[in-house]
Amino acid sequence: MWIPHPVHEQALENLSSLAHVALGYGPNKVEFGAVASKVEGILLRTARVTAEQIDAAPLLKIIARHGVGTDTVDVRAATAAGVVVTNTPQANTVAVAEHAIALLLALRRNLISADRANQAGSSSNSRSQLTGRELRGSTLGLVGFGRIAAEVARIAASGFGMNVIAFDPGLTSEEIQRRGARPVSFEDLLQDSDALSIHVPLIPQTRHLIGESQMAKMKQGSVIINTARGGVVDDDALLNSLNLNHLGGAGLDVAEVEPLPDGHPLLARCDVIITPHIGGQTEESLIRVALEAADYICQVLRGEFPSAVVNQLSQLRDS
């Protein structure tokens, strides 16, 4: 087993019961090349696994992603080599959903501006400029309606009295309704949302899904929340819309370039809240994610076929 980044100690203990664990971090750091010829499993957080690394590991059976996205793994090369790729799609659902709501609340109550005014000692002179907006009765639009989006919908509707609409071409209208939102077209979603929250993966079809033309169709003063993947929102188009005072703000846990370079114009804005991709970073979710990823590795090492497999199952089982 090779693990390039720190994970919860309980996950390490579970893995150590079945295999030798080589850590790619810390004082006794082991580089991948040193174990490639005998490694059977990789548990990764943010590291990349390339086709070259997969080719160099003839005994590799599984690459387990500590999280949801698998864009750092060459899944095609893994599938061709008969290597299982897994993720943990449910373990950080609550954490990311709560982060999306936190960003929305912070935007609507002008918390960044209020904090800066208070730190500068000018809050008493700027209270009228810090008047916020309530979530109750406003409309939340969800782009994509998987597990995380459904949890966001539940919190928004039951906790804040928001009207929730959703667009997901992969789901039927009946399924969207069952999960807790009113199904609408993409055009209606853009036009009717007071807040637009992104919950789709970054694939060629979704790159800049929310760009200049889409933002122009959104309500004056509406806001964008993105806790999914940078690149789904066109950062340049977002900046332009904010400069034109069309959009009312953005809450971003992800960006096209992470981290944004010093001096990037989005960083200096009081109407933009940017967090460093920490949506899934809670103590509870990190334990769940690590244990789930480790469990998938243990299953494969025992000769079992795990759930949450990203590869095409038919190709793997035939390989």
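Student: Which residue's side chain meets Lys217 in a salt bridge?
Tutor: In this predicted model, local features need pLDDT of at least 70 and side-chain atom pairs count only at pLDDT 80 or more, while totals for chains, interfaces and linings use all residues. Residues are numbered from 1 along each chain as its sequence is written, and side-chain values use heavy atoms, with hydrogens and water left out. A salt bridge is a side-chain nitrogen of Lys or Arg within 4 Å of a carboxyl oxygen of Asp or Glu. At 3.0 Å, N to O, the partner of Lys217 is Glu187.

Student: Where do Lys217 and Glu187 sit, and how many residues apart are they?
Tutor: Helices here are DSSP runs of H or I with at least four residues, strands are runs of E with at least two, and both are numbered from the N terminus. Lys217 belongs to helix α11 (residues 212–217) and Glu187 to helix α10 (residues 186–192). The pair links distant parts of the chain, and the separation is 30 residues.

Student: Is Asp194 buried or exposed?
Tutor: Buried means under 20% relative accessible area, exposed means over 50%, and partly exposed lies in between (1.4 Å probe, protein chains only). Asp194 forms a salt bridge with Lys219 at 3.0 Å, N to O. Lys219 has a relative accessible area of 31%, so Lys219 is partly exposed. Asp194 has 12%, so Asp194 is buried.

Student: How many salt bridges does the count come to?
Tutor: Some are joined up: Glu175, Arg178 and Arg179 are linked in a network. By the salt-bridge rule, the count comes to 10.

Student: Which residue's backbone oxygen does the side chain of Thr72 reach?
Tutor: Thr72 is in the loop between β4 and α4 (75–80), and at 13% relative accessibility Thr72 is buried. Leaving out residues up to four places away in sequence, Thr72 touches several others, including Leu44, Val49 and Arg65; contact means heavy atoms within 4.5 Å. At 3.3 Å, the side chain of Thr72 reaches the backbone oxygen of Ala47.

How values were computed
Polar contact = N/O pair within 3.5 Å; in protein donor to acceptor, adjacent residues only side chain to side chain.
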